[in-house]
Amino acid sequence: MRHRRHRSRAVLSVVAATLLGVTACDASGGDGPGPSGTQGKARPSPTPSWDRTPRSIAAVGDSITRGFDACSVLSDCPEVSWATGTDSKVKSLAVRLLGAAGAAERSWNYAVSGSRMADLPDQMAQAAARRPELVTVMAGANDACRASTDAMTSVDGFRTSFEDAMKTLRKTSAKAQVYVASVPDLKRLWSQGRTNPLGKQVWKLGICPSMLGDPDALDAAATQRRDTVQDRVEAYNDVLKDVCAKDRYCRFDGGAVFEYRFGTAQLSQWDWFHPSRNGQARLAEMAYRNVTAREDPS
């Protein structure tokens, strides 16, 4: 009998130890080690889920977001903006997310034609005052499109301005979501437009001379100039991705705009540089796909 009691106590001890071990695993989550001492280590806060159905939108950026040269020559046309426009053929991001009535009432466009990244903090302050649930950003083309490659915005300067813009937003809206579109492929712009005689004549008026100047030149100097601009655009996109990744409510497009293989149908027939209505619609499609995606495209 004494032998049986000893064996029963041993079995109970093993069962108790097993139960204590299971309890420790549950307390720390998964199958990790249990808490040491009298207090367990705090678990990190979960990453917030991206809201794929924001109820208000503000846009910041440059002439692309203003719809410049999409409706008439040398004029903004915000109604066809990929971000906040109301044109039924474009079906902007705002229209796709909020409906036509919602886009008219709860979307705002603070982009300014000719803007560079250094102008974004002021635009972001205006956008933040509306307390939108989503802010769209498309800027950087004008930083590369300068009179010469030496005049392009430095990568460090570009980064500082974008970081300042994000800080400006966060002072007012800690949880507003931000969708950042990549800078377009300016070298593809040259390759598509240079086949159009009228387009080349328009470019001579001073449209993006760092890339589009002397479009028929194929010598080493011209090739080097265009490659320098292209490298800078790619560096800008790396900055956008990096800065966005450090903000828990920011989503980069994964390079979708830069990688889009646009043709002449997507370019303004007045300057062969800005998006046409068709081009604006394609930008809206990409934005909607990325904003509503379950996974971050970057």
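Predicted model: local features only at pLDDT ≥ 70, side-chain atom pairs only at ≥ 80, totals over all residues.
Local features were taken at pLDDT of at least 70 and side-chain atom pairs only at pLDDT 80 or more, whereas totals for chains, interfaces and linings use all residues. Residues are numbered from 1 along each chain as its sequence is written, and side-chain values use heavy atoms, without hydrogens and water.

The protein contains 12 helices and 5 strands. These elements are DSSP runs numbered from the N terminus, with helices (H or I) of at least four residues and strands (E) of at least two. The chain has 298 residues, and 47% of them are buried. Buried denotes under 20% relative accessible area, exposed over 50%, and partly exposed the range in between, with a 1.4 Å probe and protein chains only. A contact requires heavy atoms within 4.5 Å. Among contacts with a separation of 6 or more, 73% join residues 24 or more positions apart.

Areas were computed by the Shrake-Rupley method with a 1.4 Å probe, and for residues only the protein chains shown count as cover. V73, L74 and W270 make a nonpolar surface patch of about 320 Å². Patch residues have over 30% relative accessible area and no salt bridge; nonpolar side chains (Val, Leu, Ile, Met, Phe, Trp, Tyr) are joined within 5 Å, and like charges within 9 Å. A salt bridge places a side-chain nitrogen of Lys or Arg within 4 Å of a carboxyl oxygen of Asp or Glu. L74 sits in the loop between α2 (63–66) and α3 (93–106). Its relative accessibility is 66%, so L74 counts as exposed.

W108 belongs to strand β2, residues 107–109. This tryptophan is buried, because its relative accessible area is 16%. Leaving aside residues up to four places away in sequence, W108 touches S56, I57, A58, A59, T84, R130 and P132. W108 and V135 are 27 residues apart in sequence, with a C-alpha to C-alpha distance of 9.5 Å.

A disulfide is a covalent bond between the sulfur atoms of two cysteines. Here the assignment rests on a pair of cysteine sulfur atoms within 2.5 Å. The count by this rule is 3. With bonded cysteines counted along the chain, the pattern is 1-2, 3-4, 5-6.

The link of C71 and C77 is left-handed, at -70° about the S-S bond. C71 is partly exposed, with a relative accessible area of 24%. C77 has 2% relative accessibility and therefore counts as buried.

C145 and C208 form another disulfide, and their sulfur atoms are 2.1 Å apart. The torsion about the S-S bond of C145 and C208 is about -80°, so this disulfide is left-handed. C145 lies in the loop between α5 (141–144) and α6 (155–172), and C208 in the loop between α8 (197–203) and α9 (209–212), so the pair ties together parts that are 63 residues apart in sequence. Both C145 and C208 are buried.

C244 and C250 also form a disulfide, with sulfur atoms 2.0 Å apart. The torsion about the S-S bond of C244 and C250 is about -110°, so the disulfide is left-handed. C244 counts as buried because its relative accessibility is 1%. C250, at 8% relative accessibility, also counts as buried.
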